[in-house]
Amino acid sequence: MSFKSILRDLKEVRDGLGGISKRGWSKSSHIAPDHTMTPSENIPQSPWASLPPELLHEIIRRVEESETAWPARAAVVSCASVCKSWRGITMETVRVPEQCGKLTFPISLKQPGPRDLPIQCFIKRNRATATYILYYGLMPSEMENDKLLLAARRVRRATCTDFVISLSAKNFSRRSSTYVGKLRSGFLGTKFTIYDNQTGSSTAQAQPKQASPKLPATSYTSGSITYELNVLRTRGPRRMHCVMDSIPLSSVISEPSLVKEEVSSGETSSTDKENISPSLLDQPLVLKNKSPRWHEQLQCWCLNFKGRVTVASVKNFQLVADIDPSLDALPEEHERVILQFGKIGKDIFTMDYRYPLSAFQAFAICISSFDTKPACEG
């Protein structure tokens with residue numbers, strides 16, 4: 001049997017199960033027990049459930065390696081939907097974004113991005129509905145079949161503004177299973193707090209080898225964003241600081257890192273990272289704006305977005321780690337762009353992020369720029 005026929009049969013199995021479910025619900029809105037059939041007889045069994053584990057591993061491995069981009073990568077999700085044994089092996093085979101650089105399951109949106117190259121996404125803004133949709137890809141496709149990752153809707157309240165973040169662009173209820181968190185701003189729109197609706201899945205400290213199991217929905221503070229007030233109304237881009245409570249500073253510093261300590265004799269000594277005060281390395285990661293340069297000919301502030309941003313906007317930014325000078329970090333660790341965001345067209349923006357941020361955290365930081373900030377601009 002060819003590899004393509006296997007994928008075709010998998011799709012038929014999935015569609016067949018979905019058809020059975022739809023027909024069952026379409027007959028009546030009331031549910032009553034059926035005493036004519038036993039539960040085991042009423043449950044459709046997949047013909048693929050009894051495959052030998054060795055063959056099953058090989059099939060899922062080939063599917064995972066061949067279907068690298070969406071929408072074709074939906075075949076990997078289909079493998080996890082066949083039955084319990086398929087789901088378990090699929091979870092073992094598919095690596096986390098940090099290792100493979102791909103987004104496959106919803107849990108991937110709460111896991112750190114890759115270390116080497118950023119994951120590239122784009123955001124569409126709908127002014128009429130006050131919604132912001134995050135898609136997977138370089139830019140909008142002509143077929144408009146881009147993979148939706150996250151959606152946010154702005155809700156203005158008396159003393160604050162909430163951006164409710166969901167896996168669905170049609171359901172923003174906090175009681176829904178699609179609710180993943182929110183971003184809340186203060187009255188002036190200069191301070192924001194990121195609330196994560198899942199526990200422990202977005203920290204850079206944890207390094208799971210497979211997708212995490214379903215966790216209880218518990219909201220906790222994942223980070224905070226502060227925009228500096230521009231009291232003197234001077235020209236220049238917005239200045240912001242992001243404190244990521246769930247990510248330690250040590251996640252962006254390579255091994256071994258050295259710290260310089262002043263000794264009584266006036267000399268400087270270096271000690272290994274193990275001897276550094278734990279309070280210094282375990283403190284939350286702080287992100288800051290990468291300083292732009294003033295372009296005399298264009299008469300504007302400029303940053304090198306490597307072609308990913310094409311329209312000048314006060315919202316454009318690049319964030320780097322704010323590393324204490326006492327840490328002998330490598331120069332590239334000071335300059336490495338962890339998140340960049342910028343405009344490429346009317347209501348279309350790019351978002352590129354990398355380790356240790358997750359897609360959820362990066363998206364929350366980016367949508368904070370859409371809130372009105374008259375006190376921060378020149």
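Trainee: How many salt bridges does a search of the whole structure find?

Mentor: The search finds 14 salt bridges, each one a side-chain nitrogen of Lys or Arg within 4 Å of a carboxyl oxygen of Asp or Glu. This is a predicted model, in which local features need pLDDT of at least 70 and side-chain atom pairs count only at pLDDT 80 or more, while totals for chains, interfaces and linings use all residues. Residues are numbered from 1 along each chain as its sequence is written, and side-chain values use heavy atoms, with hydrogens and water left out.

Trainee: What makes E335 and K290 a salt bridge?

Mentor: The side chains of E335 and K290 meet at 3.9 Å, N to O, and that value falls within the limit, so the pair counts. E335 lies in helix α8 (residues 331-335) and K290 in the loop between β11 (284-289) and β12 (293-295), so this pair ties together parts that are 45 residues apart in sequence. Helices (H or I, at least four residues) and strands (E, at least two) are DSSP runs, numbered from the N terminus.

Trainee: Why is E335 called partly exposed?

Mentor: The relative accessible area of E335 is 48%, and partly exposed is the class between buried (under 20%) and exposed (over 50%), with a 1.4 Å probe and protein chains only.

Trainee: Which class does each partner of the salt bridge between R157 and D162 belong to?

Mentor: R157 and D162 have their closest N and O atoms 3.0 Å apart; R157 is partly exposed, with a relative accessible area of 41%, whereas D162 is buried, with 0%. Elsewhere, E64 pairs with R73 at 2.8 Å, and both E64 and R73 are buried.

Trainee: Why is α9 described as largely enclosed?

Mentor: Nine of the nine residues of α9 are buried, so the rest of the structure largely encloses this helix. Among them are A359, F363 and I367.

Trainee: What makes a group of residues a nonpolar core, and which of them have the most contacts inside the largest one?

Mentor: A nonpolar core is a set of buried Ala, Val, Leu, Ile, Met, Phe, Trp, Tyr and Cys residues joined through side-chain atoms within 4.5 Å. The largest has 52 residues, with L339, M351, F363 and I365 having the most contacts inside it. Its largest share, eight residues, comes from helix α9 (residues 359-367). A second, separate core of 16 residues includes A80, C83, W86 and V94.

Trainee: Why is C100 called buried?

Mentor: C100, found in helix α6 (residues 97-100), has a relative accessible area of 14%, which is below the buried cut-off, so the label applies. C160, with 12%, is buried as well.

Trainee: How many disulfides are counted?

Mentor: The count is zero, a disulfide being a pair of cysteine sulfur atoms within 2.5 Å.
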